[in-house]
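Let's work through a few exercises together. Have the model open beside you and try each task before reading its solution.

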Amino acid sequence: MNETTSPKPKALLFCTCSGACASMAKIDFWALTERVRLELGGQIEFLALHPRLCEEDGERLMKHVLTDKMLFITPACAEKRQEKLLRDGFQKAGMPMDAAHWIPVSMAMETTDTVFEKIKAALAK
Ligand code: SF4
């Protein structure tokens, strides 16, 4: 396998929407991230949570952590919203929002278990 076909390491960057979004009320973020860490941690370079990736401080975090060397899975709001709301963060990091760098995962109206399954599926891509 040469470098162009080797899968990139994956990292998880959660946006918890301040922890008070009604559409994420059925998600226990601490239980979710601990389960991901324990059951899927071997497939992940690192995971991190931020309360508001679409605000300036969230974009600064993205500027520091997004890299061409990794594919970022972002469990956050609906995929289409992420396309708009995370665009500035990707831009500040100089990273394109394409399939080689980014897999959005929607946590809207999901539960701890269903988000876990979505993340598991994203890691298998
Ligand atoms: S990026 Fe989405 S999930 Fe995160 S704070 Fe903004 S609206 Fe909420």
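**Exercise 1.** Find which residues touch the most other members of the largest nonpolar core.

*Solution.* Start with the core itself: it has 20 residues, and Val 36 and Ile 119 touch the most other members. A nonpolar core here is a set of buried Ala, Val, Leu, Ile, Met, Phe, Trp, Tyr and Cys residues joined through side-chain atoms within 4.5 Å; buried means under 20% relative accessible area (1.4 Å probe, protein chains only). Next, see where the members come from: E1, H1, strand E3 (71–76), strand E4 (102–106) and helix H5 (112–123) each supply at least two. H5 gives the largest share, five residues. Helices (H or I, at least four residues) and strands (E, at least two) are DSSP runs, numbered from the N terminus.

A word on the source: this is a predicted model, in which local features need pLDDT of at least 70 and side-chain atom pairs count only at pLDDT 80 or more, while totals for chains, interfaces and linings use all residues. Residues are numbered from 1 along each chain as its sequence is written, and side-chain values use heavy atoms, with hydrogens and water left out.

**Exercise 2.** Trace how strand E1 is joined to strand E2.

*Solution.* Five bridges link E1 (residues 10–15) and E2 (residues 44–50), which run parallel. One of the pairs is Cys 15 with His 50.

Methods:
Two strands pair if DSSP finds at least two bridges between them. Buried means under 20% relative accessible area, exposed over 50%, partly exposed in between (1.4 Å probe, protein chains only).
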